[in-house]
Every structure is written in C-alpha cells, then in structure tokens.
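The following note sets out points on the model shown below. Please read them alongside the sequence and the coordinates.

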Amino acid sequence: MLNLNELENRWLKYKIKSYIPHAIITLLVISITVLISSLNFDKKETNKVIQKELIKETLKPALKEKVIEKVIEKVIEKEIIKKVIVKSNNTQQDEKLLITPSLDFMRTIQNDSQKYYNTKSTAQKKKKAQQKHLISDVAIEEITPMQNIVKDNTIDIKRRDTQEDIQHVIKRFKKSNNPALSLFVAKKYYELGEYNKAYNYALITNEINNNIEDSWIIFAKSLVKLEKKEKAIEVLNKYIAISHSGRAKITLDNIKSGKLK
Amino acid sequence: MKSNLFNNSKEVFIDSVNHKDYIQLDRVSTIYQSLKDSVHKPLKMILLYGKPGTGKSMFLTKLYHDLSSKRTIHLYQSPILDDSEFFKRLAQDLLNIKYNGDLNFTQFMKILEEYSSDETPIILLDEAQLYSDILMEKIRLLSDTRKIKFVVTLHKTNEEDLIAKEHFKTRIWESIELENASSSELKIYIQKKLMKANCFDSANMFPDKSINLIYKLTNGNYRQINKLLYTLFDIYSNYMQNNPSKIDTNKISNKIIEMSAIHAGLINA
C-alpha cells in the first residue's frame with residue numbers, strides 16, 4: 001500500500017536536494033562573475049593607474065630628455081658663443097700676437113744690435129748711430145699705425161697660409177738670426193701689403209747686416225707706402241752715398257718721380 | 001472510471017515474461033527475425049546476450065511459442081544446476097524417457113547416440129550464466145553431436161570475458177545482442193503496451209517531456225520501465241481514490257514520475 005504523504009515528503013526532499021547543486025552552481029557562477037568583473041574593474045583601475053604611472057614614467061624621461069636637450073642646446077649655444085668669442089678673441093689675440101713679437105723683436109734686436117754695435121769699430125758706431133737715430137725715429141712713429149691695422153679683420157685664407165709660412169720663417173729666423181730670413185720676411189710682408197712689418201724686418205735685416213741692398217730698398221719702399229716719402233728718399237740717399245747701388249738709385253728715382261707710391 | 005483506467009494501466013506493466021506481452025518494435029522485431037532465422041541455420045549453438053531487463057527471456061519465450069507448434073523446442077526458463085537433473089530433463093523432453101535414478105553425461109550421450117530425428121530439436125536455456133563451467137562444457141559436447149541445438153541467453157556482464165570462454169568461443173556460430181530501448185522506442189513501447197490493453201486514455205497521457213524523464217530514470221531498460229510505470233499508475237490510482245484534485249488526469253505529471261522513481265528505488269531520495 002502506497003503512503004502518498006510520505007512519498008510526497010520524500011519527493012520534496014529530493015527536489016530540494018536536486019536544486020541544491022543548481023543553486024550552488026548558480027551562486028558560484030554569480031560570485032565568480034562578480035569576482036571576475038570586480039577584478040576586471042580593479043585591473044582596469046590598476047591598469048589606468050599603471051598607465052598613468054607609465055605615462056608619467058615615460059613622460060618623465062622624455063621631459064628629462066627634453067630638458068637635457070634644451071640644456072645641451074643652451075650649453076652648445078653658449079659653447080658656440082664662447083667659441084665665437086674665443087675665436088674672435090683668439091683672432092684678436094693672434095693679431096695682437098702678430099704685433100707684440102714684432103715689438104719684442106724690435107726691443108731685443110735693438111738690445112742685440114747695441115751689443116753688436118759695441119763690438120764694432122767706433123767709425124761704424126758713428127754711422128750706425130746716425131742710421132739708428134733715423135730709423136728709431138721712424139720706428140717710434142710707426143707703432144701707432146701698426147696698432148690700427150690690427151683692428152682691421154680682413155685676412156683671407158691665402159693670406160693666412162702665407163702668414164703661416166712667414167711665421168714659420170720668423171721662427172727659423174729667431175733660432176738662426178739669419179739676415180736672409182728676415183729679408184725674406186720683409187719682402188713677403190711688403191708683397192702682402194703689410195708695410196709696417198716689411199719696414200720692421202727690413203730694419204732688422206739692416207741691423208744684422210747693413211750691406212744688403214734689398215733690405216735697404218724694401219726699407220725705403222715700405223717708408224714710401226707708409227707715407228714717409230721724405231724719410232725714404234733721405235735713407236736711400238744716405239745708402240747710395242755709401243754703397244753707390246744702381247738699384248737703389250733707380251728706386252730713388254721712382255720714388256722721386258712718383259712711380260712708386 | 002479514471003480509477004479503473006489507472007488500475008488497468010498498472011496491470012499492463014506487471015513484470016512478467018509472457019509472449020503475449022511482447023511489443024513489436026522495429027529494431028526488436030529485426031533482432032527477433034534474425035534469431036528466428038539463425039534457428040533454422042545448421043548452427044550448433046546460438047548466443048543471445050544483453051544486460052538484465054533487455055528482453056532476453058521475452059525473446060526466448062516468444063521464440064518458444066512461435067516455434068513450438070512447428071518443431072521440437074523446449075524452453076528451460078530456470079536453470080537446472082544439477083547435472084543429473086539436467087540430463088534427466090533432456091532425456092524426458094527429447095527422448096520421452098523418464099529416469100528415476102541418476103543420469104550422468106556418459107549415460108545420456110549413449111542414449112543420444114541411439115536417438116535419431118528428422119530435425120534437430122532446440123533447447124532454449126535462459127540464464128545460462130548460472131550454469132557451471134563443467135556443465136556448460138558438457139552442453140558444448142552435446143551440441144557437437146548436432147543432435148541437439150542450444151539457444152542460450154547470458155547476462156552481458158563483460159563481453160570479452162563471455163566470448164573468451166572456451167565453450168562459447170569455439171561453439172557459438174551466431175551471437176545476438178539485445179540492447180535497451182531508445183527514447184523514441186520507449187514512447188512506442190509504452191503506448192503500444194497500453195493500447196494493447198485498451199488503455200487509450202492513459203497511452204495519450206505521455207508528453208515527450210515525460211517520456212524523456214522516464215528514459216532518463218530507466219535508461220530505456222524494459223524491466224525498469226515496467227517497474228516505474230507500474231508504480232506510476234499505482235500512485236495515480238491512489239490519488240484518484242483519495243485525493244483526485246491533486247492530479248491532472250490529462251497528462252502524466254513529472255512530479256508523480258519522480259515519486260514513482262523514488263518508490264521504485266530508481267531515485268535515491
């Protein structure tokens with residue numbers, strides 16, 4: 001005999017039991033989905049934060065780089081400016097240096113020449129003293145125009161090359177004190193139009209050896225170029241009187257006639 | 001009226017092996033026909049195997065009733081475990097000789113040698129897995145004489161083990177497997193069974209949903225189906241008597257199917 005009430009109760013229990021796993025599964029699924037969604041949300045949030053941080057991190061070096069670049073640019077600019085300044089200074093200094101040794105030479109040579117003259121005969125001393133007097137007057141007068149020329153910055157490359165050659169010869173001259181070298185320098189400076197230097201080196205050459213014809217002619221020509229025509233004629237006349245040089249006479253005639261200006 | 005209907009429907013599903021209850025299903029009919037054909041072939045032994053409740057006994061019963069009028073056929077529904085009793089039964093059925101004392105295998109073989117018939121008699125052995133290996137070996141030797149043909153049914157516990165048995169491996173010429181019903185076969189089985197008993201109203205009470213649930217609970221096993229439906233109609237009958245407002249008489253309720261399964265032990269609740 002069937003007990004329907006009991007059977008119904010058993011069925012109810014069975015249904016509840018059968019629904020439990022479903023309920024658990026649905027709860028699990030819901031909780032998992034909630035968890036995943038929350039994790040995803042967290043991840044998104046953290047990702048956003050990380051992205052922001054990353055952006056910051058990436059931007060920082062970029063900014064740093066930019067700053068560094070700017071600094072470098074500034075430094076480079078400064079360096080360039082400095083270099084330009086230094087260059088200009090150097091050029092000025094170089095140009096000044098071109099002047100100062102000449103003066104030093106003047107002084108040293110003068111001193112040397114004085115010693116040299118002391119060893120020579122008194123007759124020669126008198127001649128030299130006269131010449132020296134003449135030249136020193138001219139030299140003292142010529143210092144100011146030399147300084148003016150220094151300010152003129154119109155030196156081209158060829159000229160620099162020649163200048164280098166001249167400097168090299170000057171170095172050799174300083175070592176050897178050979179009048180041929182100083183005469184060469186004087187001629188070169190005359191060709192380059194640097195008549196002050198040409199005058200100086202011609203004078204130096206004369207002081208070492210006053211019998212060199214070319215040094216006298218260059219000396220006189222330089223004086224003419226430096227608008228010291230009278231001095232040039234005077235010097236040449238004195239030299240012609242001593243040496244009777246034909247070339248000196250021609251040069252004198254050219255100066256007098258105005259061919260050589 | 002309805003109470004009677006449910007009572008009648010309940011009776012349909014009483015678990016009994018009666019050839020009259022045999023339900024013609026396409027697949028089952030095909031298998032049965034192949035079994036019937038095998039019987040006519042010169043085979044020493046035929047094996048009919050399947051899980052419990054797949055209809056093996058029904059097949060043998062059906063075969064017995066179909067062929068009994070045409071040829072010598074004997075059905076041993078319950079296994080005869082004693083050798084002497086088995087041979088004495090054979091002697092009686094085949095040779096119409098009744099032995100009061102013991103009859104051993106050697107004595108029976110001597111008698112069988114003298115026996116001659118136009119057609120080979122068929123012995124249908126149900127539940128053959130209960131026979132001892134020695135007796136099965138003696139049955140094999142008897143089939144070798146070609147004076148008796150055996151059709152044996154076995155529970156399919158493990159097919160490999162079954163086929164591996166020496167006496168089957170060498171002697172079986174035909175093996176037929178019976179299987180559980182499919183979901184669609186289940187519906188046809190229930191409806192045909194009810195309609196066969198003129199329970200048309202109850203036969204129309206099974207929607208596909210209920211059939212699927214029954215299939216789920218019984219796995220298409222005929223014995224389980226019978227058991228469940230018997231309980232189902234018993235519950236309906238009870239409700240009709242005691243509390244008819246609680247049930248819908250137009251269609252089978254899944255709740256009552258489950259209650260039936262609980263009562264029948266198919267659901268552990």
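1. In chain A, 30% of the 261 residues count as buried, that is, under 20% relative accessible area with a 1.4 Å probe, protein chains only. The model is predicted: local features need pLDDT of at least 70 and side-chain atom pairs pLDDT 80 or more, while totals for chains, interfaces and linings use all residues. Residues are numbered from 1 along each chain as its sequence is written, chains are lettered from A in the order in which they are written, and side-chain values use heavy atoms, without hydrogens and water.

2. Chain A contains eight helices and zero strands, where helices are DSSP runs (H or I) of at least four residues and strands (E) of at least two.

3. The contact between the chains (heavy atoms within 4.5 Å) takes nine residues from chain A and 13 residues from chain B. The two chains bury about 1,300 Å² between them, 66% of it from carbon and sulfur atoms; this is the accessible area (1.4 Å probe) lost on being put together, summed over both parts.

4. Three salt bridges cross the interface of chain B and chain A, each a side-chain nitrogen of Lys or Arg within 4 Å of a carboxyl oxygen of Asp or Glu. One of them joins K15(A) to E258(B), with the closest N and O atoms 3.3 Å apart. On the side of chain B that touches chain A, α12 (222-242) and α13 (254-264) each supply at least two residues.

Definitions and conventions. Buried means under 20% relative accessible area, exposed over 50%, partly exposed in between (1.4 Å probe, protein chains only).
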